[in-house]
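Hi everyone, thanks for coming.

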Amino acid sequence: MASVEKHTLIITEKPDAAQRIALALDLNQGAKRNQHDGVPYYTAKRDKEILVVPALGHLYTVAGESCGRDRYPVFDYKWVPRYVAERGADRIRTWLKVITELAKDADTFIDACDYDLEGSIIGYCILKYACGNKEKVSKRMKYSTLTKEELEKSYTELLPHLDFALIEAGQTRHEIDWLYGINLSRALTAVTKNSSGTYANLSTGRVQGPILKFLVERERSVRSFVPVPYWRIRAQIEICGRLFEAQYEKQVVESNSEARSILSACKEKNAQVKSIETRQFRQPQPVPFDLGTLQNEAYKLFGYTPRRTSSIAQRLYLDALISYPRTSSQKLPSTIDYKAVLRNLNKIQQYRSLAAELLAKPELKPHEGKKDDPAHPAIYPTGNPPERILDSAESNIWNLVVRRFLAVFSEPAIRQSMKIQIDIDGQSFHLNGMRTLEEGWLRFCRPYGGSEEILLPAIKEGQQISVKKVILEDRFTNPPPRYNPASLLRKMEKTEIGTKATRADIIQTLYDRKYIRDDRMIVTDLGLEILEVLRIHCPKVISVKLTRDLEERMDKISQKDEKREDVIASVVETLKPILEGIKENEKEIGERLTNAARKARLDERIIGPCLICRTGRLLTLYSRKTGKRFVGCSNYFKGVCKTSFPLPQKGAIIPLNRSCRQCGWPTIQIRTKGRRSWILCINSKCPSKRERRQRIEMRSMQQRST
Amino acid sequence: MKCAACSREARDNTYCELHARAYERITETYDRWKRAMEISWKEYLSEIAKNPLTGEWAREVAEQLIKAEKEVDVENG
């Protein structure tokens, strides 16, 4: 691998990006793949030899200066290779060794990592530490798609140096998150360990605390909710032989007596059309996707979590199918060759007619949103067709991005709303209709973003209508909705905490720590207790304002309006009294968290109620003799109930909090890595199992007979 | 002293902080129920205790209040 002639060394963030860049830059389009100690790198021939070597995301991280995993507070830190700070990161050692060797014979260095906060730090650390302080002489490739054209352009128009302000802002963010995370998490874990002698993986962080606060506030509202009765009145009317439902003018009738008097007033009376109001309006095109809106839309349409959407979008980006997804921008600058993208899409069967329609327009002007991002435009398709078969989730996200891109260049939809006011013996009812006059962009988004059409028949003012029946509905107010991954992400965006790259991961951490569960997020007792401890002993840690202010100060570093040292010093000053407070109240905090962690562990084992003794709870237990797991009643230990059922011995058991439709016993889900999860009723004598067994027997008999 | 509805420490001699908030919600909401229909305090408690939309803590408080009222009734013969 050693070469006499000096070469150019390009650093990329991921192996896929390295391959794409090498292929794009090689004049013969035949970049060679090499491997050294299992680390891939590519050789491309151009004016001179170019070696393209990938990183594996972050190869360096922040770690404490001194040893000791339980010690807190710790305010001294340094940047170290990840294998020094993390267990199981040994591969990084070889990786860095190979990069260092490749750097020896290089005379030109180019950072081609993603042009954002994280990518800038990845490239900077490798150039500084692995390549021997080459960060100051390194040039920078800036691109938003991994297409050959853009990569070549980016290589020929290299930025003369790294964006040091952005790097500084990124480093500060990592260092501050480390200071918060390591100190507070160690403090919580240590006080619990000192109190109970057992280890519990507890954590909080600069962003995690305020998010948990949002969730707990909502949880408290839901769990303290008291429904209030109200009534809704509908009239079923017949127009031109078709039945329609008109709503009473007051959506909510708060008193039973009022509702009943309206009902009796309308009984067996005919209706008359009092007025007809029509309104025509323009429904503007959607704006291009930034990461947040893409994540929201994907959750709404396909149920993908924000983290899943983010990782799918990243794969599509590495396949050069879409532009860089971690963007806040809703703008498509004119530097993007819209026509070229549309011409490429025109070659793909499913988009041909739509792309052709847009290409025929005299001018292409995107309908843009307000949000902007200095580093990258909004997410857009490159127009390249997939080089491999996309799985259904990838295909869905790609299709969504393409259709949204097409829609932003189309025309607004023209729609018409109609409101018919109907009088039934002095009581006013409304009938609302909606129809599309000109589809405009709606056609481009199909099958997504459909619009509701409520077509009303031709009707005149003063016309008599027959009332079939008047319906009185008893209703109750609903509790506030729980957050789901998408709505929590929106809340984080709205309150401006976290970054587009980290928000989805922070939500996942809350699940991993068992502070929340389920898609409709339920805060566990452990989550409630952690927040309560933080609220009493360190309220600043859960302050949304403080977190937002810190975000602003970190952003100012990238604009050179704030100094990194000042921001870090203020963080240390904030943390010191908080950590002292935790130390002083170690006993009380330790007891609370120990109890909560113990209860959380017990809750995890609860499968559901026992239907035999009716007072016990069914738990996952382990046999002392065989070590095998089974379901047993909690009353067994009191000598009251001997109910037990066998359990599959492999896979994680997830209680579903649902009863079996056939026998009423609790159901569980078994999740095994690499296999499809399956749902099981714990009752070994459940009729559903008998039916299944019979089906299997029948099938095997049939197979034998054929 | 323990909360009347759970095993947490009571804040104001009756309920812990979580159940105290639920109790406040129950008393506040009773006025709205009275405006909506003719209903006694006892009937109201039993209605919200069986309503599936009632929050977990509010239900626990309602059930505890029903139990406490029954005990008072027994004591009074």
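Let's start with the overview: chain A has 21 helices and 23 strands. Here helices (H or I, at least four residues) and strands (E, at least two) are DSSP runs, numbered from the N terminus. Before going on, please keep in mind that this is a predicted model, in which local features need pLDDT of at least 70 and side-chain atom pairs count only at pLDDT 80 or more, while totals for chains, interfaces and linings use all residues. Residues are numbered from 1 along each chain as its sequence is written, and chains are lettered from A and ligands numbered from 1 in the order in which they are written.

Along the principal axes, the C-alpha atoms of chain A fill a box of roughly 100 × 80 × 75 Å.

Now to the inside. Of the 706 residues of chain A, 39% count as buried. Buried means 20 or more other C-beta atoms within 10 Å of a residue's own, exposed means 12 or fewer, and partly exposed is in between, with C-beta atoms placed from the backbone. A nonpolar core is a set of buried Ala, Val, Leu, Ile, Met, Phe, Trp, Tyr and Cys residues joined through C-beta atoms within 7 Å. Which residues touch the most other members of the largest core? They are I21(A), V52(A), I126(A) and L406(A), in a core of 141 residues. Helix α6(A) gives the most to this core, with 12 residues. A second, separate core has 22 residues, including W231(A) and V467(A).

Let's look at I126(A). Leaving aside neighbours within four places in sequence, I126(A) is in contact (C-beta atoms, placed from the backbone, within 7 Å) with I11(A), A55(A), L59(A), I99(A) and C131(A).

Next, a pair of helices. The axes of α4 (residues 117–130) and α6 (residues 164–196) of chain A come within 8 Å and cross at roughly 95 degrees. The axes are lines fitted to C-alpha atoms, for helices over the stretch in contact, and angles run from 0 to 180 degrees between N-to-C directions. Angles of 65 to 115 degrees count as roughly perpendicular, under 35 as roughly parallel, over 145 as roughly antiparallel and the rest as oblique, so α4(A) and α6(A) are roughly perpendicular to each other. Among the residues that meet are I121(A) and Y124(A) in α4(A), and L166(A) and H174(A) in α6(A).

Finally, some backbone details. Most residues other than glycine have a negative phi, and most peptide bonds are trans. Where do we find a cis peptide bond? It runs from R446(A) to P447(A), with omega near 5 degrees, and P447(A) lies in the loop between α14 (442–445) and β14 (464–476) of chain A.

N133(A) has a positive phi of about 55 degrees although it is not a glycine. N133(A) sits in the loop between α4 and β8 (139–140) of chain A and is exposed, with 9 other C-beta atoms within 10 Å.

Key. Two residues are in contact if their C-beta atoms, placed from the backbone, lie within 7 Å.
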